[in-house]
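Colleague: I would like a close look at a single part of this model, the ligand and what surrounds it. Please follow with the elements elsewhere in the chain.

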Amino acid sequence: MAIRLGDTAPDFTAETTEGTIHFHQYLGDSWGILFSHPKDFTPVCTTELGAFAKAKPEFDKRNTKLIGLSVDDVTSHRSWVGDIEETQGTALNFPLIGDQDRKVADLYDMIHPNANDTLTVRSVFIIGPDKKVKLTLTYPASTGRNIDEIIRVLDSLQLTADYSVATPVDWRDGQDVIVAAGLSDEEAKAKFPKGFRALKPYLRMTPQPNK
Ligand code: BEZ
């Protein structure tokens, strides 16, 4: 069944390039990003895994654990890892799930039969410390993901989890944010000591509160 925002991320136990992982236990109190790759030894996936590995310090800063998945086994993943290091200049530094029986792919509805009945699509699930799904993204096999966008949305999710704000189009960490619609002007004044600008009664901008 499709996973929807607000659902509890299904738990599972899987073999990975870093040994057996119990998913919820692996996440602990961190945020998590689970993302799927259609197949080992494929070009777009190779570039994506290199890019996620290079960006890992950014995810670490955000208390976020990465875990990838491909519907091949861990032995295959281990030989592919050498190619990723050789061609992308970075060693894989997070676990990659071996899902040859598609247990996790099915649990997370990562195979879309009308696109391809054996390969996963490129799914991204961002999961909060409460184990609830905060974001889902689905890309076709032929389109590599954008890591900057994943970090951008993670920043928004973490900010809006802690403050009564929303983030506008193309927002980036450090830019002004929108006062949550549910707050009265009086409440907004109390919550945002730097003040706010009301462009419309429903569109009130304030400096990012945690900066
Ligand atoms: C790729 O990663 O390059 C890829 C994988 C499956 C289908 C198409 C492209």
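How far from an oxygen atom of the ligand does a backbone N or O atom of Cys45 lie?

Modeller: The distance is 2.9 Å, from a backbone N or O atom of Cys45 to an oxygen atom of the ligand. Bear in mind that the model is predicted. Pro43 also takes part through its backbone, with a polar atom 3.2 Å from an oxygen atom of the ligand. Thr42 uses its side chain instead: an N or O atom there is 3.0 Å from an oxygen atom of the ligand. Taken alone, the ligand exposes 260 Å², and the protein buries 77% of that.

The shell around the ligand consists of Pro38, Thr42, Pro43, Val44, Cys45, Arg122 and Ala141. By type, five of these residues are nonpolar, one is polar and one is charged. Helix 2, residues 43-54, supplies the largest share of the shell, three residues.

Turning to the strands, strand 3 (residues 31-37) runs parallel to strand 4, and seven bridges join them. Within this pair, Phe35 has Gly68 of strand 4 as its bridge partner. Strand 4 spans residues 64-70, and six of its seven residues are buried. Strand 4 also pairs with strand 5 (residues 96-98), again in the parallel sense, over three bridges.

Helix 6 comes next. The helix covers residues 147-162, and at 1.5 Å a residue its 16 residues should span 22 Å; the end C-alpha atoms are 23 Å apart, which agrees. At the start of helix 6, Asn146 places a side-chain oxygen within 2.9 Å of the backbone nitrogen of Asp148. The buried residues of helix 6 include Ile147, Ile150, Ile151, Val153, Leu154, Leu157 and Leu159. Arg152, Asp155, Ser156 and Gln158 are also among the buried residues of this helix.

A further group of strands is an open sheet of four, in the order 8-9-11-10, with antiparallel pairing. Strand 8 (165-166) and strand 10 (197-200) are at the edges with a single partner strand each, so one side of each has no neighbour in the sheet. Strand 9 (residues 177-179) pairs with strand 11 in the antiparallel sense over two bridges, and Val177 has Thr206 as its bridge partner in strand 11. Strand 10 is joined to strand 11 (residues 203-206) by three bridges, and the two run antiparallel. These two strands form a hairpin, with two residues between them.

Definitions and conventions:
Residues numbered from 1 in each chain as written. Predicted model: local features only at pLDDT ≥ 70, side-chain atom pairs only at ≥ 80, totals over all residues. Heavy atoms only, no water. Pairing = 2+ DSSP bridges. Near = heavy atom within 4 Å. Polar contact = N/O pair within 3.5 Å; in protein donor to acceptor, adjacent residues only side chain to side chain. Areas by Shrake-Rupley, 256 points an atom, 1.4 Å probe, with all protein chains shown as cover. Nonpolar A, V, L, I, M, F, W, Y, C, P; charged D, E, K, R; others polar. Expected span 1.5 Å × (residues − 1). Buried < 20%, exposed > 50% of the residue type's maximum accessible area, 1.4 Å probe, protein only.
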